[in-house]
Amino acid sequence: MHRMTFYPLGNADCCLIDLENEKKILFDFGDQGDPDDLYDKRIDLCATLRKNMEDAGKDTYDVVAITHLDDDHTCKADTFFHLDYAKKYQGEGRFKIEVLWVPAGVITETRNGLGDGAKALQAEARHRLKKGYGIRVFSRPAALKDWLEDNDLTIEEREHLITDAGNVAEELTLLGDGIEFFVHSPFATRQNGALFDRNRDSLVMQATFEIGGAQTKAILGSDADHNAWTEIVDITKYHNREYRLEWDIFKLPHHCSYLSIGPEKGEDKTAPVENVEWLFETKGNDRCIIVSPSKPIPVKGTDEDDDPQPPHRQAKKYYCEEVVNPKDGEWKVTMEHPSKGKPEPIAIEIDSNGATLKKAAALGAASLVSRDAPRAG
Amino acid sequence: MSEEFVKLSGEIIEASSLRIPRALALAAVVEKGTHPYVKLVECRRIEGKDIDVLEAVVFDVEVERPQRIANDIKREERIAVSFTAGDDSSPVVMAMREDFPRVSHTNATRKGLACVLCIYDQAWSHVVLRWTPVAFLEQIRNWLTETSKGTLHQDDQPLEALLMNVGPTLILPADFFADEAVGKVQEFSVFITAKDDLRVLLALKGQEDAGVPILAYSFQASPQHQHAIQFPPQNLRELHDFLVPAGIDLIRELRQRLFDAASTGNRDRRLLLLVAVPMVRDGNTTIEATDTWAFLTPMTIHEVGVAIDVWPDSHGSGLVLPGHHDENANGESIQLETVRPQFRLTRARAAAASGVVPDARNCVAIGAGSLGSHVVKLLVQSGFGNWTLVDEDRLLPHNIARHTLYDSSVGFPKAQRLGEQLLEGYYPDEIQVKSFEADIIRPGPAKVEIDKQLVDCDLIVDVAASIPVSRHLSLDVTSDARRFSTFMNPQGTDLVVIAEDAERSIPLDCLEMQYYRLLLDEDSLADHLAKPNGQLPYARSCRDVTSQIPNHAVAMLGAIACKSIRDVSESQQGLISIWKSDSQTCEVKQFGVVPSPIQTEQLGQWRLVIDGHLVAKIAAMRRGKLPVETGGVLLGSYDLVRKILYVVDTLPSPPDSKEWPTLYIRGSRGLESKLEEVRRKTDGQLEYVGEWHSHPDGCAVRPSEDDLKVFAWLTEHMNEAGLPALMAIAGEFDVTAWFLGEMLRSGGWETGI
């Protein structure tokens, strides 16, 4: 069986995919919790993933995908990974990356104020692209032309490391690994007849799992907003590839922000734009699972509800009432599962019956042996 | 949740007001909120004058469930659990959703009532030992998860009956649905087995006093899928509707049959309807099982006839013609009680219960003593054999202590009474048992019939515990059937099985000899044939003693013999096996040897029998000593009646023997004590029977002058005992020449490996 694990990180993203063939894939690394703060309910991601790797007896991730360089997707990556470009990111206890997946923006972005994790990952991505190994950049090759020339390289020399939207990432295959990743974004759109590369776009993918002849599809939505979805849907329809937007599991973009659904938050429920409605209400399968990588959804009239930042209860209401409930599906918020008081990672097992959201209740002895005992005097 | 739920009765109370401890404990856990996947809905109490107090805890539970489900279990299900104050049975777990699917391991008693989940497959008394509210919740959650996946009822589990656990049990004859019985009217009397207890009803064929007379109609339906039926029908109309898709027009059939029955004057009987429904697994067409439903009417045949308009008036005179029946007389007014039919044990099901294949081969059992009674009873109980029992003894009081027969049989022939016990006890419609009160060696007038049984049977089971009987069966009885002999050692701790191969290439008497050799070879069997310590007198004569053997040992070893007979029957090989038990711990250890092929030759008046094991042993001893000669004494057994000499073993050359390249003088140091040991270990069955020595390579196995002198010396001494002299010469190429009674220079009977 395959397994997806989403971690309670507040408004931050990290998803671990364990394949049946024991390969490990990591999507984003937003370890924003403070392990020294007893009242911080966010999980210590570094420690959790370290234990996971040690239990599996591994020191290398087969793929690490960084959807974009925001802090909530990269925080503390500099402390966790073994990075080839600099000695100070190497040594005992760091985990290697076989192949790093990034959108072109990670290479080309020149913004100031990147976090330490983002900076380190950007440097590593550039290092690997320069050297020509262990990386896949998602974009039209032309988008990297200037950067490559600045580094005395040509597109031809690096074309094999670049994958355009509308294609499948080469590293993993349905036949060999029981999974494939189709790239929806970043993509190029035509504006005034010319192709225009939207460098700001983050990585959006559809993962298709296959096991026992049955497929299960997951959309890893990065931080795409309703405009981005509208474009993705249009392009996908244009190419008659609607099945590439089918989903059984949806990792919500941008921590349950209303902006991923439509332009107006709405009083109680966000109204979707046409393409978002199509994507969620017609492409989701029965008993689907939506995961919101976010803080608990605020209750109406509370301080949290006044916060303009996501998550937005109006967005949740849309997802639940129009998508999850009619499909008898599952709605899961990373910081609410299984309870707001004690959030735990969300585990989804994928086998020939499709996806199963695990609901193990660790009570009694099971809860005792899963952690260290308190100090005895 | 927007689903419709079944309505519950009783008053809603606070969780803290619950009084039944388990209800209180469950509600506390659910209410506390520590379990992330359950939410309390409400608690209820139902009190009434004549009923035990019931308390129910209702909660919503989140189900762990795959996306592709086999049964329609929702993400969240509402569950009600009701507890009784008496705490004498499992809490009733109900799925409250009105359209909760009718799946395996559920009970739906009636439409509109909640579906009851069978969450425990163990008795409540067992469950309570480790019952906690949390474990209970997990059991329910697991039930829902497995059911959603369709894995609660495993593929290799038998199909679940369509109608379960409803109504009383009705026990019917095994042949109720025999081919010729289907569609026929059968007459029964139904009895209750305990006063005022209607849980089990017994149907006996024919009309008997004190029973309720019934007429049974049976139907054969077309194959149905598992879960085809959701609820037991409450009346004749509902049953009719259920049977339409199964290809039965019940009302029409009944009208026809009652019409026929009307003339036979059976109208005061009650009506029993039985329907055999062949079942197929979902998605399959192979019939895996037949589910049988039975329904009793509280009304007489006459009343039923009136209710479905068989007769135009309530007096039951005249008949309504087909096609003219009253539309409203559709059976709705005829209440049905669902009863659970069970059929008496058949040979096939007896075997299935033991996990073995039924086997109706004909067997003759010689001996119906305590071991024999256990062995044969166990075999029949597990569907093995049709039996002819031969035993000359009457059952005496002391026999009862270890026999399967009872005090009521004392004084009667064992064979006859054991036969009756088997016939009454197990699938009487199928089994064939014959009994003969006779001594198998001198059967008297029954000889012709017994001989016929022996010729016709497939297996002769010797449980007579008598060497003469074994030899008789092996040598004097004409039959191709394999012989199987089993007996206990004198102390009753060990069981011996010696069985012929299917070809009878090594007959029972020769196997017996090899069994004795096993006793010599295996140190831990040294006391196997030792006499028991205590003997019980059971009558006045000094020969009337019986050993003190615990009955548990007889039952235990009898059970092993039963298993062994089955194993042997399924194999072509012969068997020599000893199961030695520790009388204190009952630990059992098995010893055995592969039977060795025999070689036999008539030498003068005598038949000499040797086997490959011995010839090989002699050849190996010779080779081990080359270039010098060696030899030793031969061990064996005489059958002086039939003039047979079995040679089975040899003792190693005594240490004071003279072994030269052209000479062997067998010494005697320690020989007497060795022979004494042989006698002791084999209870005198093996003894000194002759001598052998080897010749060097390049030298014929013909007697030398010296050999002739030795033979003369042997002959002189053996003749004193009335026995023939035996000498063997072992030579090159592992050839051994045997001289019995006379030694000719021209040579003896030569055997090889």
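Let's start in chain B, where strand 20 and strand 21 (residues 494-499) run antiparallel and are joined by 5 bridges. Keep in mind as you look around that this is a predicted model. Across that pairing, B:Thr486 sits opposite B:Val497 of strand 21. The two strands form a hairpin with 5 residues between them, and in it B:Gly492 takes a positive phi near 75°.

**Around strand 20 of chain B**

Strand 20 of chain B also pairs with strand 19 (residues 459-462) of chain B, this time in the parallel sense, over 4 bridges. Here B:Asp462 has B:Ser485 of strand 20 as its bridge partner.

Because 7 of the 7 residues of strand 20 (residues 482-488) of chain B are buried, the strand is largely enclosed by the rest of the structure.

Nonpolar side chains tend to be buried together in soluble globular proteins. In this model, the largest nonpolar core has 99 residues, and B:Ala365, B:Ile366 and B:Ile460 have the most contacts inside it. That core draws at least three residues from each of two parts of chain B, domain 3 (349-593) and domain 4 (598-752).

Which residues does B:Ile460 touch? Leaving out residues up to four places away in sequence, its contacts include B:Val364, B:Ile366, B:Leu454 and B:Leu473. B:Ile460 also touches B:Ser479 and B:Ala481, plus B:Arg483 and B:Phe484. A second, separate core has 97 residues, among them A:Ile43, A:Leu172, A:Phe181 and A:Ala224.

**A sheet in chain A**

Over in chain A there's an open sheet of 6 strands, in the order 8-11-12-13-14-15, with mixed pairing. Strand 8 (179-185) and strand 15 (330-333) of chain A are its edge strands, each pairing on one side only. From one strand to the next, the twist averages 15°. Inside this order, strand 11 (residues 204-211) and strand 12 (residues 214-220) of chain A run antiparallel and are joined by 7 bridges. One pair to look for is A:Met205, which stands opposite A:Leu220 in strand 12.

**The two chains side by side**

Here are some totals for each chain.

| Item | Chain A | Chain B |
|---|---|---|
| Helices and strands | 13 helices, 17 strands | 16 helices, 35 strands |
| Buried residues | 47% of 377 residues | 39% of 753 residues |

Where do the chains meet? In total, 19 residues of chain A are in contact with 16 residues of chain B. On the chain A side, the elements giving two or more residues are strand 12, strand 14 (284-292) and strand 17 (354-357). Strand 17 of chain A supplies the largest share of that side, 4 residues.

Key
Residues are numbered from 1 along each chain as its sequence is written. Chains are lettered from A and ligands numbered from 1 in the order in which they are written. This is a predicted model: local features need pLDDT of at least 70, side-chain atom pairs count only at pLDDT 80 or more; totals for chains, interfaces and linings use all residues. A nonpolar core is a set of buried Ala, Val, Leu, Ile, Met, Phe, Trp, Tyr and Cys residues joined through C-beta atoms within 7 Å. A residue is buried if 20 or more other C-beta atoms lie within 10 Å of its own, exposed if 12 or fewer, and partly exposed in between; C-beta atoms are placed from the backbone. Domain bounds come from an automatic or database domain assignment. Two residues are in contact if their C-beta atoms, placed from the backbone, lie within 7 Å. Two strands pair if DSSP finds at least two bridges between them. Axes are lines fitted to C-alpha atoms, for helices over the stretch in contact, and angles run from 0 to 180 degrees between N-to-C directions.
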